[in-house]
Amino acid sequence: MTSTEPQLPPAAFDTHAHVFTRGLLLAHERRYTPDYDAAVDAYLSLLDAHGLAAGVLVQPSFLGTDNSYLLNALAKAPERLRGVAVIDSQTPGEELDRLAEAGVCGIRLNLISRPVPPLGERPWQRLAHELATHGFHLEVQAQQRQWEELEPWLLRWPGAVVIDHLGLPAASSLSYPGSAALCRLLAAQHVWVKASAPYRSAPEAATAMLRSLLCAGGGERMLWGSDWPWTRHEDGRVYGTTLSWLTAELSVTEAQRILCANPARLFAWTPCIAGVDR
């Protein structure tokens, strides 16, 4: 950690990163094909270098529902890593059992350039209750008017919901189609939000949303994620700046809550790591 980077509280979590290598079987429908490796060993080295205790690996959308590489990565450091997998609505409870045993704690729904699925229909409602039974959260990446479609179902979702990247706000004014639905979701007591990837939102919009949530007490259910290795936004990106963007807006108490207490509470997970458990 360099002298310009923030001093982190003990047992800080990075709750959003991706791992993959070239040559993996890719999803037929994808928006992006990486031409480099982002291996789990490289990620663990970054956690060490920046004084972070643990990380959450999120299945990248270009790998679809084949979670095998994710599960292999989790097995390399089960005391430090948890996972968020991608499945379909027909996934049986037995498969969720297997994922849970491997360290998966949530399921991701990435809706960028995709239609909102029929969450009110029987297969999704069955899955919603299966996820809640397993203690899995539903992680959602969506934007703008998609939040209007999602709102009625996510508000009554039986388990925790995590909104990726501050909901991808589309304007620094925080007034745009879908913004009201997003704000209502963010106020719900079972809905969490990841303060991450400001470069994926409109200029200055993520910072405006972060400040708005902090002022409204939204830090109580806020998490932080590096979004490493910043797929489609890699150029010039440095891991430390993803932290300093957040911590520049936080008090010491808020940093402790968002980086440590909140993820430990959501994941029911307090890692004890030699050399990091300070």
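I looked up the lining of the largest cavity and found L186, V191, W192, V193, L213, G218 and R221. I took a cavity as a set of points, on a 1 Å grid over the protein atoms alone, where a 1.4 Å probe fits but cannot get out, with lining residues having an atom within 4 Å of a point.

I note that this is a predicted model, in which local features need pLDDT of at least 70, side-chain atom pairs count only at pLDDT 80 or more, and totals for chains, interfaces and linings use all residues. Residues are numbered from 1 along each chain as its sequence is written, and side-chain values use heavy atoms, without hydrogens and water.

I recorded about 30 Å³ of space in the largest cavity, a volume being the space filled by probe spheres set on the points. Strand β7 gives the most to its lining, with three residues; strands are DSSP runs of E, at least two residues, and helices runs of H or I, at least four.

I then checked β7 (residues 191-195): five of its five residues are buried, so the strand is largely enclosed by the rest of the structure. Buried means under 20% relative accessible area (1.4 Å probe, protein chains only). V191, V193 and A195 cover one side, W192 and K194 the other.

I traced the pairing (at least two DSSP bridges between strands). Strand β6 (residues 161-163) pairs with β7 in the parallel sense over three bridges, and I163 has V193 as its bridge partner. Strand β8 (residues 222-224) also pairs with β7 in the parallel sense, over three bridges; there, L223 is the bridge partner of K194.

Note on methods
Buried < 20%, exposed > 50% of the residue type's maximum accessible area, 1.4 Å probe, protein only. 1 Å grid on protein atoms, 1.4 Å probe; cavity = no way out; pocket = protein on both sides within 12 Å on 5 of 7 lines; lining within 4 Å.
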